[in-house]
Amino acid sequence: MKPAMETAAEENTEQSQERKVNSRAEMEIGRYHWMYPGSKNHQYRPVPTLGDRAGPLSSPGCFECCIKCLGGVPYASLVATILCFSGVALFCGCGHVALAGTVAILEQHFSTNTSDHALLSEVIQLMQYVIYGIASFFFLYGIILLAEGFYTTSAVKELHGEFKTTACGRCISGMFVFLTYVLGVAWLGVFGFSAVPVFMFYNIWSTCEVIKSPQTNGTSGVEQICVDVRQYGIIPWNAFPGKICGSALENICNTNEFYMSYHLFIVACAGAGATVIALLIYMMATTYNFAVLKFKSREDCCTKF
């Protein structure tokens with residue numbers, strides 16, 4: 001009986017000590033609230049340990065954000081857009097000026113009668129207006145394809161959360177694929193067509209170089225070296241004079257109109273080639289974007305069921 005009584009006494013002593021500690025702690029807290037009334041609504045939070053404290057390198061900084069943003073750039077569409085803008089600008093600007101110079105050369109040297117080249121002048125004027133439309137269309141189309149590339153890049157989808165696609169979005173992406181393929185085939189024709197005036201001017205320039213060569217310069221055979229532009233079909237066969245020979249042809253090659261038109265046609269042809277390359281890159285980019293949208297749509301359907 002005695003050990004049991006001693007054990008009960010010890011338990012009572014421990015409980016009384018715990019009550020004293022609790023009451024003393026409550027008194028301290030009450031005195032603190034009385035001295036600082038604004039601290040009653042303060043929420044006490046546990047102090048984090050050294051393992052829980054975040055270091056200065058654990059939170060994403062400016063460098064990490066820049067890397068993440070650069071990962072969301074569609075570089076293929078960006079390169080294609082820059083190349084497309086440059087190619088279209090070269091083709092339209094240089095082609096417009098070169099066509100005007102070609103009309104001036106024909107009127108002054110190969111077709112003095114206005115009625116002989118009236119149809120050609122109308123066609124060239126129409127082509128100049130078409131050039132304005134091509135420049136405006138490709139400026140808008142390049143921006144649209146670049147925007148589509150941004151919105152279908154996987155890194156951007158990870159940044160902006162869950163990715164969702166609709167049937168309308170897939171149809172628009174498929175339309176861009178089809179339209180880009182059609183424009184690519186059309187620009188292959190434009191590239192081939194732009195090489196025709198380069199070939200014509202190159203023939204005239206090479207003939208002038210033959211006239212300037214020491215073997216033929218100053219001889220009687222110079223006047224027998226001629227260029228007949230009627231054979232190219234740009235002016236009718238009854239146009240006068242239509243054919244220029246000898247020193248008169250050499251004088252044409254030395255004019256600023258011929259020099260500028262020849263080199264501008266070369267630059268315009270190079271611009272058309274750059275546009276073709278840009279459209280090929282667009283084809284690959286739009287096809288990949290459409291495949292991503294189609295794959296994501298199937299993935300969403302599988303997750304629903």
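Where is the place of Pro 241? Select it and you land in the loop between strand 1 (226–228) and strand 2 (243–245). Keep that spot in mind while we get oriented.

**Before you click around**

You're looking at a predicted model, where local features need pLDDT of at least 70, side-chain atom pairs count only at pLDDT 80 or more, and totals for chains, interfaces and linings use all residues. Residues are numbered from 1 along each chain as its sequence is written, and side-chain values use heavy atoms, with hydrogens and water left out.

**Whole chain**

Color by secondary structure: the protein chain has eight helices and two strands. Read from the N terminus, the order is α-α-α-α-α-α-β-β-α-α. Both kinds of element are DSSP runs numbered from the N terminus, with helices being H or I of at least four residues and strands E of at least two. Now color by accessibility: of the 305 residues in the protein chain, 33% are buried. Here buried means under 20% relative accessible area, exposed means over 50%, and partly exposed is in between (1.4 Å probe, protein chains only).

**Around the strands**

Back to Pro 241. Show the backbone from Phe 240 to Pro 241 and you'll find a cis peptide bond, with omega near 0 degrees.

Next, select Arg 230 and Asp 228, which form a salt bridge with their closest N and O atoms 2.9 Å apart. The criterion is a side-chain nitrogen of Lys or Arg within 4 Å of a carboxyl oxygen of Asp or Glu. Are its two partners buried or exposed? Arg 230 is buried at 16% relative accessible area, and Asp 228 is buried too, at 14%.

**Helix 3 against helix 4**

Select residues 75–110 (helix 3) and 118–151 (helix 4). Two packed helices are described by the angle between their axes and the distance between the axes. For this pair, the axes come within 9 Å and cross at roughly 175 degrees. The axes are lines fitted to C-alpha atoms, for helices over the stretch in contact, and angles run from 0 to 180 degrees between N-to-C directions. Helix 3 and helix 4 are therefore roughly antiparallel; the cut-offs are under 35 degrees for roughly parallel, over 145 for roughly antiparallel, 65 to 115 for roughly perpendicular, and oblique for the rest.

What sits in the contact? The residues there divide into 21 nonpolar, eight polar and one charged. In that count, Ala, Val, Leu, Ile, Met, Phe, Trp, Tyr, Cys and Pro are nonpolar, Asp, Glu, Lys and Arg are charged, and the others, Gly among them, are polar.

Two residues of helix 4 are worth a click:

- Gly 142 is in helix 4 and is buried, at 1% relative accessible area. Its C-alpha is 8.3 Å from that of Ala 80, 62 residues apart in sequence.
- Leu 146 is also in helix 4 and is buried, at 17%. Draw a C-alpha distance to Ser 77, 69 residues apart along the chain, and you get 5.5 Å.

**A nonpolar patch**

Switch to the surface and select Phe 63, Ile 67, Leu 70 and Tyr 75, a nonpolar patch with about 450 Å² of accessible area together. Patch members have over 30% relative accessible area and no salt bridge, with like charges joined within 9 Å and nonpolar side chains (Val, Leu, Ile, Met, Phe, Trp, Tyr) within 5 Å. The areas come from the Shrake-Rupley method with a 1.4 Å probe, and for residues only the protein chains shown count as cover. Helix 2 (residues 62–71) gives the most, with three residues. Leu 70 lies in helix 2 and counts as partly exposed, at 46%.

**Last stops**

Cys 253 lies in helix 7 (residues 246–253) and is buried, at 10%. Its C-alpha is 7.8 Å from that of Ile 204, 49 residues apart along the chain.

Finish on Val 267 in helix 8 (residues 256–304), partly exposed at 30%.
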